[in-house]
Structures are given as structure tokens and as C-alpha cells.
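Please keep the sequence and the model in view while reading.

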Amino acid sequence: VNLVGLLRVMTDKHYAMFFDSLKTVELDKDTNNLESQLKTFVLDLLETVQTLVAQPPYPSHWVVLYHMQNSTLLRVFINLSKSLFTSFMNERQFIPQIWDIFFDVCVSFATQPCLQLE
């Protein structure tokens, strides 16, 4: 819930600056593979969003909080997709796992019960 509040106050400029700051690449000590901080963050963020969508933290009758959460998550998806496109859409750094998880989370978001008409 606090994460949603933090993401809500971030502007598009904040998202761009934050994602740009994560574009450094480090050597993973366990596997000796190059690991991008952005990749790690994106995977963690998508896992967290998936959990928020699958297991809502609010009772079903708290419509205003669902609206606030979903409008915030939609803005996160828009800004995240821009960063994913610039960072992971070229031949050298295309990572299917990230795109697969991203689209799975987007589908889960779009099909969540609180967004469905009765």
C-alpha cells in the first residue's frame, strides 16, 4: 500500500530519471554473469505488481482505493514500457523473460475482478 502511494506521487520525469539511474551493469558474484540493475528491479517490480493484482490488499467494496491503485499501476506500466522498449528491445539486449512476465502481468491487471463488468 505504501509502494502504491510512492508510485502515485512520482511524475514521468521521476520515472525516467530513476530508470536511467538503474542502467548500470554489474558482475553477479554467484554466476559470473553480467546483471543489469534495471533488469533486477523490473523483475522485482513486476512480481510485486502481480501480487497486488492477484491478492488485493483492500476489501472489495473499497472502490476508491481500487481506482487509485489501478490508475497508479497503469501509469507505472506506461513508464515501465518506455524503459523496457529502450533498454531491452534491441538485438544485443533482448530478454524474452522480461517481456513475457511484463505481458503476463499486464493481462492479469486487465482481467482483475474489480475491472470486470458484472
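Leaving aside its neighbours within four places in sequence, with which residues is valine 42 in contact? Valine 42 is in contact with Leu80, Leu84 and Ile98, where contact means heavy atoms within 4.5 Å.

## Basis of the model

This is a predicted model, in which local features need pLDDT of at least 70 and side-chain atom pairs count only at pLDDT 80 or more, while totals for chains, interfaces and linings use all residues. Residues are numbered from 1 along each chain as its sequence is written, and side-chain values use heavy atoms, with hydrogens and water left out.

The pLDDT, the predictor's confidence in each residue from 0 to 100, averages 84 over the chain, and 88% of the residues score at least 70. Confidence is highest in H5, at 92, and lowest in strand E1 (residues 25-27), at a mean of 59. Where pLDDT is low, the predicted coordinates should not be read in detail.

## Overall fold

Five helices and two strands make up the secondary structure of the chain; these are DSSP runs (helices: H or I, at least four residues; strands: E, at least two), numbered from the N terminus. Their order along the sequence is α-α-β-β-α-α-α. Among contacts with a separation of 6 or more, 59% join residues 24 or more positions apart.

## Nonpolar core

A nonpolar core is a set of buried Ala, Val, Leu, Ile, Met, Phe, Trp, Tyr and Cys residues joined through side-chain atoms within 4.5 Å. In the largest one, which has 24 residues, Leu80 and Leu84 touch the most other members. Helices H2 (12-21), H3 (37-54), H4 (63-88) and H5 (96-110) each supply at least two residues of this core, and H3 gives the most, with seven residues.

Valine 42 lies in helix H3. This residue counts as buried because its relative accessibility is 1%, the limit being under 20% relative accessible area (1.4 Å probe, protein chains only). The C-alpha atoms of valine 42 and isoleucine 101 are 9.7 Å apart in space, although the two residues are 59 apart in sequence. Beyond its neighbours within four places in sequence, leucine 84 is in contact with Val42, Met89, Ile98, Trp99 and Phe102.

Of the 118 residues of the chain, 31% count as buried. The chain exposes about 7,900 Å², of which carbon and sulfur atoms supply 61%; accessible areas come from the Shrake-Rupley method with a 1.4 Å probe, and for residues only the protein chains shown count as cover.

Technical notes. Buried means under 20% relative accessible area, exposed over 50%, partly exposed in between (1.4 Å probe, protein chains only).
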